Number of protein chains: 2
Amino acid sequence: NNYQLIWSNVPFFTVPLARAHGKSFAHRSELRQAKRIVVKLGSAVVTRGDECGLALGRLASIVEQVAVLQNQCREMMIVTSGAVAFGKQRLRHEILLSQSVRQALHSGQNQLKDMSLPVLEARACAAAGQSGLMALYEAMFTQYSTCTAQILVTNLDFHDDQKRRNLNSTLHELLRMNIVPIINTNDAVVPPPEPNSDLQGVNVISIKDNDSLAARLAVEMRADLLIALSDVEGLYDSPPGSDDAKLLDTFYPGDQHSITYGTKSRVGIGGMEAKVKAALWALQGGTSVVIANGTHPKVTGHVITDIVEGKKVGTFFSEVKPAGPTVEQQTEMARSAGRTLASLESEQRSDIICTLADLLTERKDEILSANKKDMEHAVSTGRLSPAMLKRLSLSSSKLNSLSIGLRQIAVSSQDSVGRVLRRTRVANKLELEQITVPIGVLLVIFESRPDCLPQVSALAIASGNALLLKGGKEAANTNRILHELAQEALSIHGVNDAIQLVSTREEVEDLCRLEKMIDLIIPRGSSQLVRDIQRAAKSIPVLGHSEGICHVYVDHEASVDKAIKIIRDSKCDYPAACNAMETLLVHRDLLRTPLFDQIIDMMRTEHVKIHAGPKFASYLTFSPSEVKSLRTEYGDLECCIEVVDSMLEAVDHIHKYGSSHTDVIVTENEDTAEQFLQQLDSACVFWNASSRFADGYRFGLGAEVGISTARIHARGPVGLEGLLTTKWVLRGEGHTAADFSEQGSMTYLHENLPVAQVLPGRRTTS
Amino acid sequence: NNYQLIWSNVPFFTVPLARAHGKSFAHRSELRQAKRIVVKLGSAVVTRGDECGLALGRLASIVEQVAVLQNQCREMMIVTSGAVAFGKQRLRHEILLSQSVRQALHSGQNQLKDMSLPVLEARACAAAGQSGLMALYEAMFTQYSTCTAQILVTNLDFHDDQKRRNLNSTLHELLRMNIVPIINTNDAVVPPPEPNSDLQGVNVISIKDNDSLAARLAVEMRADLLIALSDVEGLYDSPPGSDDAKLLDTFYPGDQHSITYGTKSRVGIGGMEAKVKAALWALQGGTSVVIANGTHPKVTGHVITDIVEGKKVGTFFSEVKPAGPTVEQQTEMARSAGRTLASLESEQRSDIICTLADLLTERKDEILSANKKDMEHAVSTGRLSPAMLKRLSLSSSKLNSLSIGLRQIAVSSQDSVGRVLRRTRVANKLELEQITVPIGVLLVIFESRPDCLPQVSALAIASGNALLLKGGKEAANTNRILHELAQEALSIHGVNDAIQLVSTREEVEDLCRLEKMIDLIIPRGSSQLVRDIQRAAKSIPVLGHSEGICHVYVDHEASVDKAIKIIRDSKCDYPAACNAMETLLVHRDLLRTPLFDQIIDMMRTEHVKIHAGPKFASYLTFSPSEVKSLRTEYGDLECCIEVVDSMLEAVDHIHKYGSSHTDVIVTENEDTAEQFLQQLDSACVFWNASSRFADGYRFGLGAEVGISTARIHARGPVGLEGLLTTKWVLRGEGHTAADFSEQGSMTYLHENLPVAQVLPGRRTTS
């Protein structure tokens, strides 16, 4: 009836109340489906550090997230602490005031700085704070057009069937009307807390902790998910802070014996053991649970929505233990096996690669049938573009050339690991070597192309690196069989685990956060993928480039033929490539010459859309559309033309607007060319050659890891060397630094010893 | 009187109301002294994106920051927008409700999703929202024991002298009582807005914008600082979004002609030009102004306190234009001159370094007298420890050996830039070279030691890099003269600007944020400095190491003499060094042998405090204190001893608890040693030699840039090579990629051509 609707102040947009699940979710990725969610805010989340006021910013952010989820037609409930803190603040104020009045009346003073505050009783604080806390929640939720309702319960209420039924139906009615119930313990009436008796027998709820209340409520309401926020990151396998403590991403009830709890937190009753007990209790009742930190300033803004989106925040409680290892375990297995791989003989690593090459052709039926499945699925869902479908598909001939490529890697990589780069006789019988070693654990993230998998695997094997592979969902079947073959090849020297295929359920963003576990990330895919990963991977280096704004500068002493050929090839050979030309710089003297007309004609014939730079536009009577930005990467049959007065102005232009990828000069004047090559600060600088040559294969580096526009580590097209670093090996006979001090007996020789010169990349003509 | 005190609900902690300044501040670093601060919250800051509700999280954070500053005895005032949005939300709700009742009465329906909302009048919204907004502010500030007062004004009030006086005295009284006045325009009564007439004549205040109100109020109240928060980052020199737009860190009234304003923002009246006008007006009145973005999610949490701490947020308005260039201009000058430096002949760079070496001895009187000033100041303030004083002091002999060191750098760096690392004949007449080039712009941050300046300068010059130097305040005079000498040396080839000394006022944290301007940061100082910088420099690589947990493993086949010598040297030679031993691993079989007793005796003699690892402790009847963590870097005459069962267990232990810096095995068994050297994954691995050899000078690398524990770029002690990267130079005759396609006429040769082998680091015995 309408009276009730108006009375309850409900917005009238009701949503269907069908629950998605009746039992807990097996994996985080399923949490998106959670319909009914209980968010429990521990007192540490709601109160400030000094426990004498509310953490308003956190509360506001939590309210916002709950409102957002509510707007996604989820049923949200909040179990909150905080009334005590709110009340403390209020009572303290009141006491100060009344004291001050008293003091003022008695003494006439009003300097009350030293006035002592009486100890406040928690129950009184709770009572005094309850109304204010609710008013605040209501004011905040009103900002999101969301209504709230206040529910005060004690744990005892769950033991009286009548009360339980009433509570249950009240909550259901509220949810039905799209109201967010805000539940708190009725602290003013509960008996004093008895630690450790929670959830075991008589059951009382402590004032400071309401984990068990939230768990009970979640199960009673058949909630899909309970998010328990407090000031701990989650569940650790050993007491947090100890050397080996690891945050558990997922916890299974069966693993309980593997946990060592630390001494309880200062709160006492809210210790981790009690939290886990409550969580397991909820889990058993069919509600998934995530325990997470709601006070961490960096994540607070999104902690609730992140959890619902399946991101790796806190510890997820799951009843279903997946068969395979976690990605963290995979990384450790890979690192360990990778170390063995690196210690193999060079020939043994080549063996593995050749075996993989053999397997690709021997087992091609299996591969192609798996690939067929992926193709059929992709076609049936219709989600992939024709270009992407083409990249997804494998064929006999693709596998053959892949196999040939692997053999080349096997040959070209002979001495990559353990090569001596430098030898120094530091002193008599003290010799130093700098040798190449693998970087460690690589994470390669690739989109649709499954042929990437064996290629990257071969590069990792050749360089002795451990490898985590994260492929696209669309190629799941193909990737699985290809990975099996890679492991089969690795098994001939017992290092199967060095290459791991990461489950398609893992989020790329989560992987990018595995710092200290992964040493280098290599994204292979669109520039958008690279950009996303560079953004996500804050403390792990990323090898790649997100931009390719390449220039061709045509000097006034350019050869007509070469200019036309190079411009056409740079722009039209493969316009989507990162090494395609985006801006054509033309010397001013060329403007009224036949060469210029020929360039324009060629572009017209090739259907290249021209945008005019501001200076170029000013020279023309009728100009094509002016560029929006001289920093545009068109990636298509489009380009910008700009006029410069000299080679030096071209260099300045490129420094200002380029991306330091690849830039070309076309001229017949050798001096001009050499100046350009010397002065231009890009990874690749070319004279009279197409920008399209910026490519590891074309450079003769053999297999290409990627192109880097970074200034440190590797720059330009990167071959195997990009996967190597060095270590220093010193061999002495008890030498000490003190031996070389003024009082010591030894002197430094620092004699450079010859090293065997290996011509880099012994690859022969293909 | 007490009545008033109680009525105004004031906490009784009043503070002295002396203003620190009567005129605007010249530099951001002075803003810490700001006593009276007006914080202006534009409507974009207070409202959510949809303008139909408040951005609660932002507001809460702003309230918290204002409360924090208030607690620092500052006088805070808030000029707020937002009543309209708050009121809109309320009125919308009311209208929905009344409509629904009407509709329900008339039609019996209650599906009101499509119900249209009437357009709400802004003044009505403002009136309806004012009370709620104030209640919210009050509730929030109460959480921080801070009282608020509501002031509604119109711009006209400033023109009536009586009103102005009243307003002024009211505000002063509030500030005196430590109350935060919250000022808003009395929107319900102001005339309709007239764009562009603000601050020019008739003066009205628009509903959406209160920049001019805030400026007026700040001047009227003689505030020290006005922080104007809106949704723009600050003032740009050209319309934001255009190719060249640069955010101005500091704006001087005289520079106004250099600004191009863009088309006004959608708000119209709140456009940048109006903001700047208001800011300049306030500045003229003696109030400093910062315009900043209060909506940026990452900075909101600290934007106000960061500004008051002098950090580079938004645009600071200053009347006093400093003589020198800004740090951004310095960086650009350095990059440009650095490019010229890199294009010089190798001999010319050596010339510069030798000239600097000469100047250090020729002008030593000037240097020493500047150093004396610094020393005297340091002694008089008593802030430096004796060790730091020693590092700060220069002497004739220090300058001499510095000069000798520079000459060595000049010699050893001969071919560092432009060295050909690889040559490939890609195809007929298409030749590829990979050559060394400088990294670009380096930022070196160093503490007290001024001798660092010429050393680092020489390294930068030798490698053709531009250099920004940021030294400590304590060495300001010495650094200034040393930098002048460096510039004098650079001037012989006209590249004075390649090395810049950054003002001591600049915050390190701000410098670490100059991404895209600085290519590599090299901190030289304590490991705390390195850690701080690694944390601050998120998108600029940092060359350095923050931890050195080095191990010495004594095998059961170790020589007694070597073991004792190496352990003593590794731990005691210089315990604070990063390459000093922190953990001694001992093979189990040694436990009851004389060698072990000798080790313990030696440690006792050397006063090394021993901590026992858990396994070691379990072997002992009476154990020394157990270690807290096996990952401890003591940096003092302390170390951990742990027992391992085998060399492999030692390797595992080091992998688990080490920092991949330097680790040593002591054994006479060559097989064991080689396995250790091969398997251990640290930057430096030593056999029978002290860990103290991990050092660029001792390795014979000549000048040392630092020690890196990173896995990419450079690892271990880094010499000049750490300051170099490479570029690829391709020379063709009009070659295109299409020439090599299946239809093309050319084939790849990929023939490796010999390069002149330069023995790395031709340094001879010193």
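**Note on the two-chain model**

1. The side chains of Lys565(B) and Asp739(A) meet in a salt bridge, with 3.4 Å from N to O. This contact belongs to a predicted model, and across the interface of chain A and chain B the rule finds 11 salt bridges.

2. The interface itself deserves attention. The size of an interface is often given as the accessible area lost when the parts come together. Here chain A and chain B bury about 10,700 Å² between them, and 54% of that area lies on carbon and sulfur atoms. On the side of chain A, Gln143(A), Asp243(A) and Trp728(A) supply 8% of the area buried against chain B, more than any other three residues. The contact draws on 120 residues from chain A and 120 residues from chain B.

3. Among contacts in chain A between residues at least 6 apart in sequence, 73% join residues at least 24 apart.

4. Strand β1 (residues 36–41) of chain A is mostly covered, with six of its six residues buried. Arg36(A), Val38(A) and Lys40(A) point one way from the strand, while Ile37(A), Val39(A) and Leu41(A) point the other way, and all are buried. The reader may wish to note that the buried set includes Arg36(A) and Lys40(A). As to its neighbours, β1(A) pairs in the parallel sense with strand β2 (residues 75–80) of chain A over six bridges, and Leu41(A) stands opposite Thr80(A) in β2(A). β1(A) also pairs in the parallel sense with strand β5 (residues 225–230) of chain A, over five bridges, where the bridge partner of Ile37(A) is Leu225(A).

5. In chain B, an open sheet of eight strands with mixed pairing has the order β3-β4-β2-β1-β5-β7-β8-β6. Its edges are formed by β3 (148–153) and β6 (250–251) of chain B, each of which has a single partner strand, so one side of each is left without a neighbour in the sheet. Within this chain, strand β1 (residues 36–41) and strand β2 (residues 75–80) of chain B pair in the parallel sense over six bridges, and in β2(B) the bridge partner of Val38(B) is Met77(B).

6. Strand β19 (residues 662–666) of chain B is likewise mostly covered, since five of its five residues are buried. Thr662(B), Val664(B) and Val666(B) point one way from β19(B), and Asp663(B) and Ile665(B) the other way. Four bridges join β15(B) to β19(B), and these strands run parallel; four bridges also join β19(B) to strand β20 (residues 684–689) of chain B, again in parallel. Asp663(B) takes part on both sides, as His551(B) stands opposite Asp663(B) and Val685(B) is its bridge partner in β20(B).

7. Helix α21 (residues 594–605) of chain B has 12 residues, which at 1.5 Å a residue should span 16 Å, and its end C-alpha atoms are 16 Å apart, which agrees. Which residues of α21(B) are buried? They are Leu595(B), Phe596(B), Ile599(B), Ile600(B), Met602(B) and Met603(B). Seen down the axis of α21(B), these buried residues fall within an arc of 160°, so they line one face of the helix. An α-helix has 3.6 residues a turn, so residues three or four places apart point the same way. What covers the buried residues of α21(B) includes β15 (550–554), α20 (560–572) and β18 (638–644) of chain B. On the other side of α21(B), Pro594(B), Arg604(B) and Thr605(B) are exposed, and the helix is followed by His607(B), whose phi is positive, near 60°.

8. Gly525(B) has its place in the loop between β14 (520–524) and α19 (527–536) of chain B, and with a relative accessible area of 42% Gly525(B) is partly exposed. Gly525(B) and Arg449(B) are 76 residues apart in sequence and 8.8 Å apart in space, C-alpha to C-alpha. Leaving aside its neighbours within four places in sequence, Gly525(B) is in contact with Glu447(B) and Val530(B).

Conventions: Residues numbered from 1 in each chain as written. Chains lettered and ligands numbered in written order. Predicted model: local features only at pLDDT ≥ 70, side-chain atom pairs only at ≥ 80, totals over all residues. Heavy atoms only, no water. Helix = DSSP H or I, 4+ residues; strand = E, 2+ residues; numbered from the N terminus. Expected span 1.5 Å × (residues − 1). Buried < 20%, exposed > 50% of the residue type's maximum accessible area, 1.4 Å probe, protein only. Arc of directions from axis to C-beta. Contact = heavy atoms within 4.5 Å. Pairing = 2+ DSSP bridges. Buried area = accessible area lost by both parts, 1.4 Å probe. Salt bridge = Lys/Arg side-chain N within 4 Å of Asp/Glu carboxyl O.
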